Amino acid sequence: MNAALPRGFGVELDRSARLSRNGRLVFGGSPGRLLRLHPRAAELVKAGSFTVRDPASAALARALLDVGVVHPRPAPDEERSVAIVVPVRDRQDMLARLLHAVRSDPRTAGVPVVVVDDGSCDAGATRAVAAEHGAEVIRHDRSRGPASARNAGFHATTQEFVAFCDSDVVPKHGWLPPLLAQFDDPGVGLAAPRVVALPQQRPTRIGSFEQTCSALDLGPDEAPIIPMSKVAYVPSAAIVLRRASAPEGFDEQLQVAEDVDLCMRLHEKGWRLRYVPTAQVAHDHRTALLSWAARRAFYGSGAAALAARHPGQVPPMHVTAWSLLAVCLALTGKPAAVASATGLAAIAGTRLARRMPDADSPVRAAGLLTLAGLYSTALQLLRAGVRHHWPIGLALVMKSRRARWLLLGMSTMDGLVEWKKKGSELDPVTFVVLRRIDDLAYGAGVWWGSVEHRTMAALVPKITGGLREVCRAVAAGTRVLR
């Protein structure tokens, strides 16, 4: 999908991107990469934002958008043909709350709404709530699952864009226009808002944890949605889909992770997907320990089916061979192994520095990038050990005293760092315990799904190349944009 950006389409440099003094080198995006710019391109980027004026600036904007170095700043939104689809099973009180929010927002008050009753016990109650708010109802006599319900609403509408909202969300006023504005880019097939927590009526520890650590909340930073990146997918709790991008809708064979599958299929077909946190919907999170943990395990159980449909796109880790070897050597604590790890890092840094002689300080830049790579690998290794691979981690803990203290210490430190970063109102001990329960539940779901589908694909890490290959990858990533 190589649709050209229209004239007047604006882009703005990502706030985390870093420019060299002369503007020729840019480091940023997700996954992070180093880009070398043509002097004319550097002048545009150095200003912090620019507008598409000609084919050259359109090509530059497209290349930078696709790697997340810049973000779209489309022109003021125009009226678009859109409908809202709400799948629901029972939950009439939640449905009434959602429809009230839609109708009380001036920007969505007149938007057509289709409610798909997926086998509710009281069909009359669902129909009455929908009628009260001027929504059409489609009825399934028995539950066919969320994917089938969404598809029924999707195929019952004719609008160019369809917004899907689950019944347990409450859209905030003004949520839809920023999402529709993303489609000024003809290459965008899907846009999604940030899913924040609905304020707690009866505060609980789980509810407080979910306020800052919900799996549905992908954070405050806008991003392209790209597999194995910072925002690898978005939940279908609330999304807007361009009809032409996925005329077949969701995969009805999937009872879980159908939203992740949709994102991956769109990406594979060349469509761009955007995460827009300025648009927000509030979600009614689970707050009881057992139902919350069961839901996390349910999410994890979808990993096996995804790995079978999209090989190599949902690994528990994505690391380079040299960095994984260096981290594993360092973790042994043996002097010779630590020295070898240091040597590997030094070689990687030296070769990287040679690849960017025009950096402000090649040695310093290469050193920082090398350390960042090692840190990322160590963090992924730890989180895999307490999440996807916790049964293996448990076996190591029971066998090795060193592994026991290392895993306990590192997992505690990771939890405390997250507690500080998230600004949770929970005390640090409770936060760390709940974070580890979250990991254990999700990991148990991954193993259950793997056994059920008879595949270990979701548990296999993705390891790319050796030291020579990683340097070649860096060189390839340092593209010349003209």
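Met 456 is partly exposed, with a relative accessible area of 39%; the term covers values between buried (under 20%) and exposed (over 50%), computed with a 1.4 Å probe and protein chains only. The model is predicted, so local features are reported at pLDDT of at least 70 and side-chain atom pairs at pLDDT 80 or more, while totals for chains, interfaces and linings use all residues. Residues are numbered from 1 along each chain as its sequence is written, and side-chain values use heavy atoms, with hydrogens and water left out.

Met 456 sits in the loop between helix H16 (428-453) and strand S17 (462-464). Helices (H or I, at least four residues) and strands (E, at least two) are DSSP runs, numbered from the N terminus. Together with Val 451 and Val 460, Met 456 forms a nonpolar surface patch with about 270 Å² of accessible area. Patch members have over 30% relative accessible area and no salt bridge; nonpolar side chains (Val, Leu, Ile, Met, Phe, Trp, Tyr) are joined within 5 Å, and like charges within 9 Å. The areas come from the Shrake-Rupley method with a 1.4 Å probe, and for residues only the protein chains shown count as cover.

The loop between H16 and S17 also holds Arg 454. Arg 454 is exposed at 80% relative accessible area, and its phi is positive, near 55 degrees.

**Backbone exceptions**

Most residues other than glycine have a negative phi, and most peptide bonds are trans. Met 228, not a glycine, has a positive phi of about 65 degrees. Met 228 is located in the loop between strand S13 (223-224) and strand S14 (238-242) and is partly exposed, at 24% relative accessibility. A cis peptide bond, with omega near -5 degrees, joins Ser 30 to Pro 31. Pro 31 belongs to the loop between strand S3 (25-28) and strand S4 (33-37).

Helix H11 (residues 321-332) has 12 residues and spans 17 Å from its first C-alpha to its last, close to the expected 16 Å; the expected span is 1.5 Å times one less than the number of residues. Buried residues in H11 are Trp 322, Ser 323, Leu 324, Ala 326 and Val 327. Gly 333 follows H11 with a positive phi, near 80 degrees.

**Nonpolar cores**

A nonpolar core is a set of buried Ala, Val, Leu, Ile, Met, Phe, Trp, Tyr and Cys residues joined through side-chain atoms within 4.5 Å. The largest has 34 residues, of which Ile 84, Val 113, Val 115, Trp 175 and Val 240 touch the most other members. Another core, apart from this one, contains 26 residues, among them Ala 192, Ala 223, Ile 239 and Leu 262.

Contact is counted for heavy atoms within 4.5 Å. Beyond its neighbours within four places in sequence, Trp 175 contacts Ile 84, Asp 105, Thr 108, Ala 163, Cys 165, Ala 279, Gln 280 and Val 281. For Cys 263, with such neighbours again left aside, the contacts are Tyr 233, Val 234 and Leu 273. Cys 263 lies in helix H8 (residues 258-268) and is buried, with a relative accessible area of 3%. Cys 263 and Leu 190 are 73 residues apart in sequence, and their C-alpha atoms are 8.1 Å apart.

**Salt bridges**

Side chains of opposite charge can pair when their charged atoms come close. A salt bridge here is a side-chain nitrogen of Lys or Arg within 4 Å of a carboxyl oxygen of Asp or Glu. The whole structure has 28 salt bridges, including the following.

| Pair | N to O distance |
|---|---|
| Arg 97 and Asp 284 | 3.2 Å |
| Asp 251 and Arg 309 | 3.2 Å |
| Arg 265 and Asp 261 | 2.9 Å |

Arg 97 in helix H3 (residues 92-104) and Asp 284 in the loop between strand S15 (272-283) and helix H9 (289-300) are 187 residues apart, and their pair links distant parts of the chain. Arg 97 is partly exposed at 27% relative accessibility, and Asp 284 is partly exposed with a relative accessible area of 27%.

Asp 251 lies in the loop between S14 and H8 and Arg 309 in helix H10 (residues 303-309), so this pair ties together parts 58 residues apart in sequence. Asp 251 counts as buried at 19% relative accessibility, whereas Arg 309 is partly exposed at 32%.

Arg 265 and Asp 261 both lie in helix H8, 4 residues apart, about one turn of the helix. Both Arg 265 and Asp 261 are buried.

A network of salt bridges links Arg 296, Arg 383, Arg 387, Asp 414, Glu 418, Arg 435, Arg 436, Asp 438 and Asp 439.
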